[in-house]
Structures are given as structure tokens and as C-alpha cells.
Amino acid sequence: MNILKVQNLTKIYGTGETAVHALDGVSFEVERGEFVSVVGRSGSGKFTMLHMIGGLDKPTSGAVVVDGRSLENMDDEALTIFRRRNIGFVFQQYNLIPMLNVWENVILPVKLDGKKLQRDYVEMVIDTLGLSNKMWNLPCTLSGGQQQRAAIARALAAKPGLLLCDEPTGNLDSQTSQDVLGLLKVTSEQFHQTVIMITHNEEIAQLADRILRIEDGRLQDGGAYGKG
């Protein structure tokens, strides 16, 4: 059963001779629980596509359907609520709030949504990510890898069906990168998350279940499977 359908997605910036086709008719589906890597050179369109999938930007044409809901049919308020409840984001920049400790950062999305906190679940996520002894630390006292783990925990706290990761290891050393990627794999399997991760690193991409390749705004390969 798929959780994501991308149908003929197109994004054009500008008009006339100066128009840039950031995405040009991209279509694919992702099954629930899959871990998918999206690879491509800088400027290939992968970042734009991630923003379209996450409802952070609107396509020029085409459709994004997440868990049976078409994002383009929602007004801004409905889209904001849907995104907060169904889509988690992990960016290269950790975007942790510096005056909040790890626990407060992790539970913030749940509190903003007014939902009841499932404390046992959140504590299990934090423990799985190796942060149990850092829950009361401020972000400035954490290493880069620990901050990225906190960002992953925050993204998982609301139990989103879809987790979108933008170069999540871009600021980390090679060993920490491997640790974070392993944890993403664990969260995908243990918490039944669907993970879509963009990267320019072929070695990192191979850790996913499937690899999508984008060049010049077009999907070149949607069927390659990684080493998993």
C-alpha cells in the first residue's frame, strides 16, 4: 500500500526565455514503510521535489498525494495542520531551539498541535536514538551527531507517516554519518516510518531500500534498489 503518489510534478520558476524547469513531469510512488534515497547533482531538482512532497511549496502543475490526501486541494491552514500531523522533516541544519533542552525540543511539535503527549513512545524514540542521558541538555552542549539525533527524535515525536530528510549527514563526520543513517534505518523499521532522504552521496544512497535518480528536473531511474 502506497503512502505517497507523485503525479506529473512540474515546477517552473520565471517565464518566457528565462523560465527554469526545476521539475519536469516527475511521477513515482512510495510504499508505506519504504526507505527511499533521492540522488542527483546540485541543481538537479531533488531539493525542490522534497519541498513539493512536504507541502512547503506549491507545484506549477501535477499532484502530490500523501496518505490519500491531495496537498494541492488544501488551503494554507489545512495544509499546515496536515503537514504537522503527517509529515516529519529532518534538515541538514538541525533547527533546534537553543533555549529549550532536548526533551522540550522533541515534544514541541506535539504541544503546538495540542495533542496528548504519548510519553512512553517519545521516551522509547529518545532511548533508541541514544539520547536518554541528554534529555535535559541544551543544544549547545551536544555534538553535531547528537543534535541531529535530537532533530530526528523531534520529527518522529508526532508519529508522522512520512519522514523527509534533506542531506541529514551533510554536516557530520563519516563515523557520525554512518551512525545517524543506521538510526534512520532503525526508525524506519522499528517505528514503521516511510523515509525519503535526498543526498548527493552514492555510498549513503545505497543504504536505502530504493534509489530515485533525478537529473535536470526529470526522474531518470525509479527502480534501483540499494543494499538495504
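The paragraphs below take up the salt bridges, then the cavity and pockets, then the cysteines.

This is a predicted model, in which local features need pLDDT of at least 70 and side-chain atom pairs count only at pLDDT 80 or more, while totals for chains, interfaces and linings use all residues. Residues are numbered from 1 along each chain as its sequence is written, and side-chain values use heavy atoms, with hydrogens and water left out.

How many salt bridges does a search of the whole structure find? The search finds 10 salt bridges, where a salt bridge is a side-chain nitrogen of Lys or Arg within 4 Å of a carboxyl oxygen of Asp or Glu. One of them is formed by the side chains of Arg-210 and Glu-34, at 3.0 Å from N to O. This pair links distant parts of the chain, 176 residues apart: Arg-210 is in strand S9 (residues 210-215), and Glu-34 is in the loop between strand S2 (20-31) and strand S3 (35-39). Helices (H or I, at least four residues) and strands (E, at least two) are DSSP runs, numbered from the N terminus. Both Arg-210 and Glu-34 are buried; buried means under 20% relative accessible area, exposed over 50%, and partly exposed in between, with a 1.4 Å probe and protein chains only.

Arg-41 is exposed at 57% relative accessibility, and Glu-215 is partly exposed at 23%.

A further salt bridge joins the side chains of Arg-85 and Asp-113, at 2.9 Å from N to O. Here Arg-85 sits in helix H2 (residues 76-86) and Asp-113 in the loop between helix H3 (102-112) and helix H4 (119-128), 28 residues apart. Arg-85 is partly exposed, with a relative accessible area of 41%, whereas Asp-113 is buried at 11%. Salt bridges that share partners join Arg-84, Arg-85 and Asp-113 into one network.

Gln-193 lies in the loop between helix H6 (174-190) and strand S8 (194-199) and is buried at 2% relative accessibility.

On a 1 Å grid over the protein atoms alone, a cavity is a set of points where a 1.4 Å probe fits but cannot get out, and a pocket is an open set with protein on both sides within 12 Å along at least five of seven lines; lining residues have an atom within 4 Å of a point. Grid points are joined across faces, edges and corners, and a volume is the space filled by probe spheres set on the points.

The whole structure has 1 cavity of 30 Å³ or more, and the largest cavity has a volume of about 80 Å³. Its lining includes Met-52, Asp-57, Lys-58, Ala-63 and Glu-72. By class, this lining has 6 nonpolar, 1 polar and 3 charged residues; Ala, Val, Leu, Ile, Met, Phe, Trp, Tyr, Cys and Pro count as nonpolar, Asp, Glu, Lys and Arg as charged, and the others, Gly among them, as polar. Ala-63 lies in strand S4 (residues 61-66) and is buried at 10% relative accessible area. Not counting residues up to four places away in sequence, Ala-63 touches Lys-5, Val-6, Gln-7, Leu-9 and Glu-72.

The largest pocket holds about 460 Å³ of space. Of its 20 lining residues, the closest to the centre are Arg-84, Ile-87, Phe-89, Pro-109 and Arg-154. H2, strand S6 (87-90), H3 and helix H5 (144-157) each give two or more residues to that lining, which has 12 nonpolar, 5 polar and 3 charged residues.

The second largest pocket has about 160 Å³. Thr-169, Ser-174, Ser-177, Asn-201 and Ile-204 are the closest to its centre among 13 lining residues. H6 gives the most to this lining, with 3 residues, and the lining divides into 2 nonpolar, 8 polar and 3 charged.

Finally, the cysteines. The count of disulfides, meaning pairs of cysteine sulfur atoms within 2.5 Å, comes to 0. Cys-140 is exposed at 67% relative accessible area, while Cys-165 is buried at 0%.

Note on methods
Contact means heavy atoms within 4.5 Å.
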